[in-house]
Amino acid sequence: RRLLITLIIFLSAPFFASFFQTPEVTLFIQATSIIPLVRSLRNPRLIYNKKNLQFKQEALMFMSGTVIEVTTALYLGFTYRNVWALAASIIAYAFAEAVTSYLILPLPKFVRPDFSLIPKLVSFGRWVWLSSSLKYLVNQGDDIIVGKLVGTAPLGLYQNAFKIASLPATEITSTLTQVTFPAFASIQHDRSRLVRAFKKTLALNILINLPLIILITLFAQPLTLIIYGSQWLGLIPVLKILTLFGALRAFFTSFEAILVALGKPKTIAISNLIRFASLFILLLPLTNNFGIIGAAWSTVIAILISSVFLSIVTVIHLKSSPQI
């Protein structure tokens, strides 16, 4: 699967470069297309550690990758002062993760596959795959539309505002979800205990993320100056809107964890389909009329609609029969 993704990215690179009228990026896309393939080579024993709530080795793997990435980016950036430093750094990160996963964990054992498990795994996994695909289209689709309609310079402002606004969700909530999903799955048949655990997790998520969202909104200008510099001050109006998206994304992710643990990936796929449809209904007219401000509002409204659906359905599932 990852090999197929790599080939698709590599072969479609000229098309995307032409789409954005930036043919010079073709080589960068083709070079970084190897990343999905490299990530697929990580030690599969990581799954056992995650299932057993043992995250030390995975944390070490991520830390080593980050150190290699930052070191590579800084060294090549200061030495050659071109964008290849960034491309090389994310490739180095993928390789560092793969190598470290075999240094910190035993080698996997190769056994004869049990083909009788395939139908059950495919039945469950198809909804996870569909949900991931829709989420990818949603997260990248607005960039494609913005870049095409208003150009690459406003796209840069939009993308960097999106990154800052999403920091609580990507750096805190996603980490929390790594722990809560296997924990929820282990107690999925004890409904009262599961509900209590979910409420505590949601409260903790709000307690951590809400102050950060408020701080990002209040200190948008100094944050932008510190992180990017004065040439990026144009992203501040977009950042203030997208902080709403960051808050909703953190909320959205918490509900996804409990639904997967309950064996309801189809519900998540439906919510992502609702988000996808809402976004692309709003994105074109709002971006055409209001530029990146309109694109930001379309992103916020789309995730708000899907979050309302997801929260209602989650409550229904938690109140239903404990039989999964």
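This is a predicted model: local features need pLDDT of at least 70, side-chain atom pairs count only at pLDDT 80 or more; totals for chains, interfaces and linings use all residues.
Local features need pLDDT of at least 70 and side-chain atom pairs count only at pLDDT 80 or more, while totals for chains, interfaces and linings use all residues. Residues are numbered from 1 along each chain as its sequence is written, and side-chain values use heavy atoms, leaving out hydrogens and water.

**View 1. The largest nonpolar core has 43 residues.** Such a core is a set of buried Ala, Val, Leu, Ile, Met, Phe, Trp, Tyr and Cys residues joined through side-chain atoms within 4.5 Å; buried means under 20% relative accessible area, exposed over 50%, and partly exposed in between (1.4 Å probe, protein chains only). Leu239, Leu242 and Ile258 have the most contacts inside this core.

**View 2. Leucine 242 and its neighbours.** Leaving aside residues up to four places away in sequence, Leu242 touches Tyr158, Ala161, Phe162, Ala165, Ala296 and Thr299 (contact means heavy atoms within 4.5 Å).

**View 3. Tyrosine 158 and phenylalanine 162 form a tilted ring pair.** Rings of Phe, Tyr and Trp (its six-membered ring) pair if their centres lie within 6.5 Å; planes under 30 degrees apart are stacked, over 60 edge-to-face, and the rest tilted. Here the centres are 6.5 Å apart and the planes at 35 degrees, so the pair is tilted. Tyr158 is buried at 0% relative accessible area, and Phe162 is buried too, at 13%.

**View 4. Lysine 148 over a ring.** The charged end of Lys148 sits 4.9 Å from the ring centre of Phe19 (NZ of Lys or CZ of Arg must be within 6 Å of the centre and within 35 degrees of the ring normal). Ring pairs link Phe19 with Phe15, Phe16 and Phe20 in a cluster.
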